[in-house]
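I opened my notebook to jot down what I looked up here. Come along and check each entry against the view as you read.

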Amino acid sequence: MSVKAVKLIQPGEIQGMPDDDTPLLVVVEAGEMFRARAARMQVLAAQQSDSPWLAFCAQLMQAQVDCLSRVQAQPIDENVVRESFIHKLPPFSITTWLPEAQWVIVFKALAEALEAQTLAPGVRGALERVKQTALADQIRQAKALLAAEDAALPADAVPFIGATLQLLWSIQAKSVSAFVELHKGESGLCPVCGSHPVASVVRIGERDLHRYMICSLCASEWYAPRARCTNCETPKEVGMLGDTRESALQGECCEECRGYLKLMFQAKEPSLDAVADDLASISLDLALSAEGFSRTGRNLFFTVGQTPATT
Ligand SMILES: [Zn+2]
Ligand SMILES: [Zn+2]
């Protein structure tokens, strides 16, 4: 796949923050989100049926759905949540909050849901290695993945750890729904957990044409003005690079920091899911990398620079 610049937006066209009641932060219902994501991944994996990696991602997302009833949100301190939002600190920060007791329960539930499926031998072996890893090392690896310390991670453990962390944080995120209006302004990182976005999506429906960053961890969505680099503070225009002008997925590319984040247009693909569609569009990453741009989004199913070892 080759990419070409399809649009350049000048600074005068850069969109500001909304002055109406458009929500600036949306926390999702985890069950609904995981079910839609798994269904979307199934479709994408079927479209690229020569990819064992995508087939595995679909199995892992189905396992997330199948173990949802075993994942419980932890009680919250409403004052802490309120103060966190007011002071622009994520209430479930990846630097301070890892429910270690829950880790054991949720990883076990995920592993059992996966093992109920027919797994490729490579996948079964990789899962077994994570299960055999001492709990303290599992927790260390989980914290390394949260901190984007990719070198500290065995590549074939990453998807299992990432899927477990997504369950823990996504179930928890909904518990702050009464406080989301306390989030104001712009943010490069998730206002709920402090993680990087996986991509951004231009929504349809009630939030028609508004662009939201999608959290790679807790799936919360926060408003980001369009046509502005989400990675640096440059006031310069960004370029949109994609397969064609009509592509549902584009790379929003910044000449200043040479970073890019995928921009997805829900109007062109109503069922798209940022995490699933990101996994299924590696060809766009390769093409943008060949143009000299570096990925700024994160996807917790893999670490950049490592090839998936479970395929
Ligand atoms: Zn988040
Ligand atoms: Zn930039």
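First, a cut-off I need: a residue counts as buried when its relative accessible area is under 20%. I also remind myself that this is a predicted model.

**Entry 1: a tyrosine pair**

I then checked Tyr223, which counts as buried because its relative accessibility is 2%.

**Entry 2: aromatic pairs**

Next I wanted to know how many aromatic pairs a search of the whole structure finds. The search gives four. I looked up Phe56 and Phe160, whose rings are 5.6 Å apart centre to centre, with 65° between the planes. That pair is edge-to-face. I traced Phe56 to helix H2 (residues 52-66) and Phe160 to helix H7, so the pair links distant parts of the chain, 104 residues apart. Both Phe56 and Phe160 are buried.

Back to my tyrosines: the ring centres of Tyr212 and Tyr223 lie 5.6 Å apart and the planes meet at 85°, so this pair is edge-to-face as well. Tyr212 sits in strand S4 and Tyr223 in strand S5 (residues 221-223), so the pair ties together parts that are 11 residues apart in sequence.

I also noted a cluster in which ring pairs link Trp53, Phe56 and Phe160.

**Entry 3: the zinc site**

Which atoms coordinate the zinc ion (ligand 1)? I found the SG atoms of Cys190, Cys193, Cys215 and Cys218, at 2.3 Å. Along the chain, the donors follow the spacing C-x2-C-x21-C-x2-C. The angles among the four donor atoms of the zinc ion (ligand 1) run from 96 to 123°, and the site is tetrahedral.

Cys193 and Cys215 are both buried.

**Entry 4: the surface**

Last, I went looking for a nonpolar patch on the surface. Val104, Ile105 and Leu135 form one, with about 230 Å² of accessible area together. I placed Ile105 in helix H4 (residues 100-115). With a relative accessible area of 39%, Ile105 is partly exposed.

Key. Residues numbered from 1 in each chain as written. Chains lettered and ligands numbered in written order. Predicted model: local features only at pLDDT ≥ 70, side-chain atom pairs only at ≥ 80, totals over all residues. Heavy atoms only, no water. Patch = residues over 30% accessible without salt bridge, like charges linked within 9 Å, V, L, I, M, F, W, Y side chains within 5 Å. Areas by Shrake-Rupley, 256 points an atom, 1.4 Å probe, with all protein chains shown as cover. Salt bridge = Lys/Arg side-chain N within 4 Å of Asp/Glu carboxyl O. Helix = DSSP H or I, 4+ residues; strand = E, 2+ residues; numbered from the N terminus. Buried < 20%, exposed > 50% of the residue type's maximum accessible area, 1.4 Å probe, protein only. Donors = N, O, S within 2.8 Å, 3.2 Å for Na, K, Ca; no water. Tetrahedral: all angles 85-135°; square planar, octahedral: opposite > 155°, others 65-115°. Phe/Tyr/Trp six-rings, centres within 6.5 Å; stacked < 30°, edge-to-face > 60°.
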